[in-house]
Amino acid sequence: MPDILSSLSSQDALIAVMVAISAADEHVPTSELIAINRIIDHMPIFASYDIDRAARVSKSVYALFEEEDGLEALFGLIRAALPERLYETAYALACDVAAADGTIRQTELRMLEEIRSELAIDRLHAVAIERGARARHMTL
């Protein structure tokens, strides 16, 4: 598994969550890639992030998706790297990326459910986060 990072920074973990939701249905729309780049470029949590790591993180996520227990390993890396206080942030970023193309597919819904479960996001909080993402990505 040489393409897989052995550990993640907190920022890497947030990026891994965004890449995972985007790659969940094996189709990564340009709008979702743009959303990830926009988030990295504009959110204060990524102000000191070495953008060159994003490609390595993405490759690690894709490589883990190919492994039999890769999703479990990915969430292990994410939980190890991410302080609990940022779990809802990770979920919010995942929701924003999923909503970026205007359509949330069944596979993305299942991945959001998995993220909620793995990060122990309270259902009521999750609904609020999801509604916020939907509101931000509405079109006329």
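**A helical domain and its nonpolar core**

In this predicted model, the end C-alpha atoms of residues 11–123 lie 24 Å apart. The span is 71% helix and 0% strand; helices (H or I, at least four residues) and strands (E, at least two) are DSSP runs, numbered from the N terminus. UniProt lists these residues, in an unreviewed entry, as "domain: Co-chaperone DjlA N-terminal". Its positions follow the numbering used here, feature names are shortened, and annotations may be inferred rather than shown by experiment.

Residues are numbered from 1 along each chain as its sequence is written. Local features need pLDDT of at least 70, side-chain atom pairs count only at pLDDT 80 or more, totals for chains, interfaces and linings use all residues, and side-chain values use heavy atoms, with hydrogens and water left out.

The largest nonpolar core has 46 residues. Such a core is a set of buried Ala, Val, Leu, Ile, Met, Phe, Trp, Tyr and Cys residues joined through side-chain atoms within 4.5 Å. Ile-15, Met-18, Phe-46 and Ile-78 have the most contacts inside it. Elements giving two or more residues include α1 (10–23), α2 (30–42) and α7 (123–136). α1 gives the most, with nine residues. Met-18 touches Ile-36, Ile-39, Ile-40, Phe-46, Leu-93 and Val-97, not counting residues up to four places away in sequence; contact means heavy atoms within 4.5 Å.

In α2, Glu-32, Ala-35, Ile-36, Ile-39 and Ile-40 are buried (under 20% relative accessible area; exposed is over 50%, partly exposed in between; 1.4 Å probe, protein chains only). They lie on the same side of α2 because they cover an arc of only 130° around the axis, taken from the directions from the helix axis to the C-beta atoms. Their cover includes α1, α3, α5 and α6. The face turned away carries the exposed residues Thr-30, Ile-34, Asp-41 and His-42.
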